[in-house]
Amino acid sequence: PQQEFYSRMSETSDSNNFIVVYPNGLSNQWNSGFTAPYNGGTDDVGFISKIIDTLYTLYNIDLSRVYACGMSNGGYQSYRLACDLENRIAAIASVTGTITSLTALNCVLSRNIPVMEIHGTEDPLVPYGGSTGSLSVEDNINFWLSKNQCNTTNDTLNLPDTNPLDSSTVERIYYRTCGNGTEVVFYKITGGGHTWPNAPLDWIYGPTNRDFDASQEIWNFFNRFTLNGPVSG
């Protein structure tokens, strides 16, 4: 319920006609690859896979258009799903999360997978520069550029500072030329905290950027990809 309220993803799903699901990990956390052995502990990857099966049974969802996004620990888990469930997840997005060192070490992909990262440079909980067991944001981006065989040339756009009172500005760094039509997109929020852009309330973990809506941008990104590659047209 907290993430549903905070991200407002349900409003985005209603206006864009897709199904959104908010799974809950044991004790409100995901086994996202911090603890060795990598394949030990709670099988949250298997849990998410079972959720996909259940949704297919109940609602006949399009199995080529299943996506994962999350914030913080949920962002880390999205990266783990990109590595461990890439045969079922078409694309992922992470807000204020990165990839653990263990997940990166164990990430053997059978396909390229589109990735979006949204991260503030002043995040006090998941530091932009990395921490023990966790890649820095820029190392994470470089990791996915390598995994997806991307050309490191990018299109960088400074988003209009439509809200000068939010103590932050945004660069959208877009890697458009990757293997099999895959893309890597990075929203770098200079001055941004451990927050979801355009959330309905300001958290205490630093500034909330209001120059773009994270939920809508994530959906715009997801909607262009299937398990089989980019949506034609």
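C150 is buried, and so is C178; buried here means under 20% relative accessible area, exposed means over 50%, and partly exposed lies in between (1.4 Å probe, protein chains only). These two cysteines form a disulfide, a term used for a pair of cysteine sulfur atoms within 2.5 Å. C150 sits in the loop between α6 (137-147) and β4 (155-158), while C178 sits in the loop between β5 (169-175) and β6 (184-190), so the bond ties together parts that are 28 residues apart in sequence. Helices (H or I, at least four residues) and strands (E, at least two) are DSSP runs, numbered from the N terminus.

A quick word on the model: it is predicted, so local features need pLDDT of at least 70 and side-chain atom pairs count only at pLDDT 80 or more, while totals for chains, interfaces and linings use all residues. Residues are numbered from 1 along each chain as its sequence is written, and side-chain values use heavy atoms, with hydrogens and water left out.

By the sulfur cut-off, the count comes to 2 disulfides. The other one joins C83 to C107. C83 belongs to helix α4 (residues 73-84) and C107 to the loop between α5 (101-105) and β3 (115-120), 24 residues apart. Both C83 and C107 are buried.

| Pair | S to S | S-S torsion | Handedness |
|---|---|---|---|
| C83 and C107 | 2.2 Å | -95 degrees | left-handed |
| C150 and C178 | 2.0 Å | about 105 degrees | right-handed |

Number the bonded cysteines in sequence order and the pairing reads 1-2, 3-4. C69 is in no disulfide, and the nearest cysteine sulfur, that of C83, is 17 Å away. C69 is partly exposed, at a relative accessible area of 33%.
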